[in-house]
Amino acid sequence: MIEIERISRAFGGLQAVREVSFTVETGSITGLIGPNGAGKSTLFNIIAGEIPPNSGRITLEGEDITGLPTHALFHKGLVRTFQIPHEFSRMTVRENLMLVPAAQRGETLLKSWLTWWKVIREDRAILRQADEVLDFLEIGHLRDELAGNLSGGQKKLLDLGRTMMTNAKAVLLDEPGAGVNRTLLGKLAEAIERLNRERGYTFCVIEHDMDLIARLCDPVMVMANGALIASGDMATLRENPEVREAYLGTGASGQAGAA
Ligand SMILES: Nc1ncnc2c1ncn2[C@@H]1O[C@H](COP(=O)(O)OP(=O)(O)OP(=O)(O)O)[C@@H](O)[C@H]1O
Ligand SMILES: [Mg+2]
């Protein structure tokens, strides 16, 4: 579904991503792991159109999407969530979801504030969809809560919910489990699995929680120092000396091996 071909990106003298190539197969939940600073989020930023690569190419279902802006990608069914959630803290949970369809049309917040309010006030279909998403994620009881008051884990669920307000086919999740407590983590994993099985979402997931990766992802890609160093299923990768070395070598001792 997503073909990443020899993507490179430098920031000044720092080579953040080095000639990375891999495929996110249609229907898969593909993992992307690696120590802090490996270049994982930078690669997501490139795929999602936030920053251009210095070289390389990305295709979505065969179509070249390299450097396309975020809203154009939205339109083609490719969406992402952020390592740090981007909710509108002074709006309610339900309103946060209701904004998404307008954003998908490429309307920016400043330009179309009034349009967005109109959507929230008047569009019953979008309201129904938002409530369905909240029920699916089992956070319906939070619909009138200000998004800023949610816990870290609830914000991650809201982020996932925002992808469900689009006609997403491929979803990039940047550390969906970060800061999420065990109970909520189970719920999040279940939501990802159900979206994959029941709604045909293809996922690419960055995550440091190896249990979550092992539960959800096959195959898993491993990056270190900007480069792809290994790929395969999590059980095999745990035994891979290069992967163990990458984690041990940066002081994040044994995240891949110990979990
Ligand atoms: N906009 C930027 N300007 C300069 N350097 C950057 C920028 N974005 C990322 N970097 C650098 O690129 C390298 C890769 O960063 P990146 O955020 O992609 O790592 P990561 O694998 O997502 O790490 P983590 O697991 O900690 O989130 C790091 O050294 C980082 O400091
Ligand atoms: Mg990151």
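Biologist: Let me start with one residue pair: which residue in E4 stands opposite Glu3?

Modeller: In E4, Thr59 stands opposite Glu3. This is a predicted model, where local features need pLDDT of at least 70 and side-chain atom pairs count only at pLDDT 80 or more, while totals for chains, interfaces and linings use all residues. Residues are numbered from 1 along each chain as its sequence is written, and chains are lettered from A and ligands numbered from 1 in the order in which they are written.

Biologist: How many bridges join E1 to E4, and how many join E1 to E2?

Modeller: Strands pair if DSSP finds at least two bridges between them; helices (H or I, at least four residues) and strands (E, at least two) are DSSP runs, numbered from the N terminus. Here E1 pairs with strand E4 (residues 55–60) in the antiparallel sense over 5 bridges. Strand E1 (residues 2–11) is also antiparallel to E2, through 7 bridges. E1 and E2 form a hairpin with 2 residues between them, and Gly12 in that turn has a positive phi of about 55 degrees. Phe11 has Leu14 in E2 as its bridge partner.

Biologist: Phe11 again! Which residues are closest to ligand 1?

Modeller: A residue is near a molecule if its C-beta atom, placed from the backbone, lies within 6 Å of it. Ligand 1 is surrounded by 12 residues, the closest being Phe11, Asn36, Lys40, Ser41 and Thr42. Strand E2 (14–24) and helix H1 (40–47) are the elements giving two or more residues to this shell, and H1 has the largest share, with 3 residues.

Biologist: And where does H1 sit relative to the strands?

Modeller: H1 lies across E3, E6, strand E7 (170–174), strand E8 (202–206) and E9, and runs at about 150 degrees to E7. Contact requires C-beta atoms, placed from the backbone, within 7 Å; axes are lines fitted to C-alpha atoms, for helices over the stretch in contact, with angles from 0 to 180 degrees between N-to-C directions.

Biologist: In what order do the strands of the open sheet come?

Modeller: The open sheet has 6 strands in the order E6-E7-E8-E3-E9-E10, with mixed pairing. Its edge strands, E6 (78–80) and E10 (227–232), each pair on one side only. Within the sheet, 3 bridges join strand E3 (residues 29–33) to strand E9 (residues 220–224), and the two run parallel. Leu32 stands opposite Met221 in E9.

Note on methods:
Two residues are in contact if their C-beta atoms, placed from the backbone, lie within 7 Å.
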